[in-house]
Amino acid sequence: MYARRYHSVTSSVVTSHLPSSAPPLEGPPAPRRRTVVLAAAATAALAPVAGPGASAARAADRAAEPAFLHGVASGDPLPDGVLLWTRVTPSAEAVPGSGLGPAVAVGWQVASDRAFSRVVASGTVTADAARDHTVKVDVRGLRPRTPYWYRFTAGAATSPTGRTLTTPGHDEAAAGVRFGVVSCANWESGYFSAYRHLAARGDLDAVLHLGDYVYEYASGGYPEAKYVVRPHEPRHEIVSLADYRTRHGRYKTDPDLQALHHAHPVVAIWDDHEFANDAWAGGAENHTPGAEGAWSARAAAAKQAYFEWMPVRASVAGTVYRRLRFGTLADLHLLDLRSFRSEQAEVGSGRVDGPERTITGRAQLDWLKSGLAASDATWKLVGTSVMISPVAFGSLPAHLLKPLAKLLGLPEGGIAVNVDQWDGYTDDRKELLGHLRDRSVRNTVFLTGDIHMAWANEVPVNMATYPGSGTAATEFVVTSVTSDNLDDILHVPADTASLAAEAAVRAANWHVKWLDMDAHGYGVLDVTAERAQMDYYVVSDKRRRDATAAWARSYRTANGTQTVERAYQPAR
C-alpha cells in the first residue's frame, strides 16, 4: 500500500489531508473591540534572544559555522511518514526575527536505528531568512508504527538527534495508543518541567498540544512583573512578524521543551495566545486597531511564524483543523477555534444563543460532523482548545469571585458563563451534540486545554434536563503547564481557597465529575478498545527547574457508555 522508499520534501508549509471537496472557509467579519478584562500593554526595544542559546551563538560566530540552537522536532505522524523540523543559525547575527543571515544548505537523514547505520531517507533543503531559517521536511515511504531517528546537518554542524514514531496502518487494529496531553505554557510563569517528565516517558505514541504554546503578552503583563520567573523576548507585546518569530525562538531555547520535541512527535493546535488574548476572526481583546495595526496583518504574521516554527501541517486556508488516524482504534479530529469564530458576546447580553454566531465556522463544523459520523474507529477523539461542556458557576464565595473572573475572563459582578468557550456559542454546540445523538455516534471524547484547571466531564445533550437527557460525549480537560491557576492569582497554598470554589462549581454542574483548580502539570491519555483513560499528573513547583511530577487522579470512559468514572490507578 505504501511506497517504501518514496519521500517528499518541502521547506515551506505543506498541505494537509483534508478532503479536496471541502468548501471554502468563510472570511473574517470586520473587527470590533471587546471590553478589556486582562490588559498587557507595555513596550520595549526588540532585543535578540538570550539564554541557553547565547553561548552557542558566540561559539558559532567564532567558528564561522552554522549551529542548531533551537533543537529538532517532529509532528503530525502518518502510517507512512512524519513532518520533521529544525531551525539553523547560519551566522551570529541571524537570530530569530532578525531577517538577517545567508541562505544555507541543510541536509537531513532518517534512520531506523539510533546510530544511523541504516539510513532509510535523506535529502537537502535550503534554509533562508524568508522563512526565518526554519526547515520543514515531509518525509514519506516509512513503515507504519515504527520508531525512527532523524538529524540535520549544515556545514560542519550536526543537530541533536530526534526520535519519532509513525502511526499504525489505517486498517490496523492497534491494541492501544497513548498520548501525552498539554496546554498553556507561559514562559514568564515558570519552567517547563512538565515537558521534561513527558520527554522521559518511553511509552507515548505522540504528545498532543492543545494550544497556548506561546504567549503574546509584554513582560510583566501576565503575571505581574514581581511574579515573573524569567522574562520574555521581546519584552514588549508581540505584534509584528519579527516579534512572533522572536518569541517562538525564545521558547525553543528551553531545554525541557527541546527534550519533549526530541523524544516524541507533537500534534499541535493553536488557541488565542498564539495570536492575542481572546482572539476571534476579526480581532482580539488586547488588540487595538490603529495603534497596533490591522488585525488581519497581525493574525497573518502570527500564523506565518507559527507554521515556520511548529512541526504542523497547514490545512485549508492556512488553518490547523485536520484529522489524523491511529489505526481502527482512534480517529483524532483537531479543531481551529480562533480563525472563524464570531466575536465573543457580552455576558448577560442574551446573544450567546444566536444562530448567526459560530465558534467553528460553517465549513469546519460540517467537516467535523461528517468525519465523526463516517468514522469507523472505535474512538472519536476531538482536540478542542476550549471547553465544550456547559458550566454554570453557581453561587461562589465573594473572595473567590474576583480571582475566578480574572482567570476565566468574566465580569466580577456575577459569573454566568464563560463566553470564550463553547458556552458563548451554544447554537454550534447544540447542532454538534444533536448530530452525535441523532447519528448514534458513540465514544466521542473531547480533549481540552485553555482554562488552567483539570476537569473530567460528561457532556450533556441538554444541561437543563441532565442526567435524564443523557450524554453525547465525554471530556477530559488538562491543566496548564505553567499559566496561572487560582492559587497563583491568590498567592495561597494549593488546596486551600480552591476547595470552596470547586465545591460550588460541582454543586451547580452535576455532569462535572472532578475538578482541580490549582495544580499544574499534564495528562496521559491511554486508549484501548475497552476504554479511554486520562491520567492526571501534577508538578511540585512550576517555579523550580527541578520540579518533580506525581500522579494525581485518573478518570475513564468505558466503550459505549458516554459516562465518566474514576480509575484508581494510572494505566499501565
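Trainee: Where is Ser183 placed?
Mentor: This is a predicted model. Ser183 sits in the loop between strand E9 (176-182) and helix H2 (193-199).

Trainee: Is Ser183 buried or exposed?
Mentor: Look at the relative accessibility. Buried means under 20%. Ser183 has 0%, so it counts as buried.

Trainee: Which residues is Ser183 in contact with, leaving aside its neighbours within four places in sequence?
Mentor: Ser183 is in contact with His209, Leu210 and Gly211, with Gly449 and Asp450, and with Val478, Thr479, Ser480 and Val481.

Trainee: Now the sheet. How do I read strand pairing?
Mentor: Strands of a sheet pair through backbone hydrogen bonds, in either the parallel or the antiparallel sense. Here, an open sheet of seven strands runs in the order E12-E13-E14-E15-E17-E16-E18, and its pairing is mixed.

Trainee: Which are the edge strands?
Mentor: Strand E12 (322-326) and strand E18 (512-516) are the edges; each pairs on one side only. From one strand to the next, the twist averages 20°.

Trainee: In which sense do E15 and E17 pair?
Mentor: Strand E15 (residues 444-448) and strand E17 (residues 471-477) pair in the parallel sense, over four bridges. Take Thr448: its bridge partner in E17 is Val477.

Trainee: Which helices pack on the sheet?
Mentor: H6 packs there, touching E12, strand E13 (330-334) and strand E14 (379-384). The direction of H6 makes about 175° with that of E13. Helix H10 (residues 497-508) also packs on the sheet, touching strand E16 (454-460) and E18. The direction of H10 makes about 160° with that of E18.

Trainee: In which sense do E16 and E18 pair?
Mentor: E16 and E18 pair in the antiparallel sense, over four bridges. Trp455 stands opposite Leu515 in E18.

Trainee: How many residues of E18 are buried?
Mentor: Four of the five are buried, so E18 is largely enclosed by the rest of the structure.

Trainee: How do I describe two packed helices?
Mentor: Give the angle between their axes and the distance between the axes. H6 passes H8 in a right-handed crossing.

Trainee: Which residues make the contact?
Mentor: H6 contributes Arg362, Leu365, Asp366, Leu368, Lys369, Leu372 and Ala373. H8 contributes Asp428, Glu431, Leu432, His435 and Leu436. By class, the contact of H6 with H8 has six nonpolar, one polar and five charged residues.

Note on methods
Residues numbered from 1 in each chain as written. Predicted model: local features only at pLDDT ≥ 70, side-chain atom pairs only at ≥ 80, totals over all residues. Heavy atoms only, no water. Left-handed = near helix turned anticlockwise from the far one by under 90°. Helix = DSSP H or I, 4+ residues; strand = E, 2+ residues; numbered from the N terminus. Contact = heavy atoms within 4.5 Å. Nonpolar A, V, L, I, M, F, W, Y, C, P; charged D, E, K, R; others polar. Pairing = 2+ DSSP bridges. Axes fitted to C-alpha atoms, helices over the stretch in contact; angles between N-to-C directions. Buried < 20%, exposed > 50% of the residue type's maximum accessible area, 1.4 Å probe, protein only.
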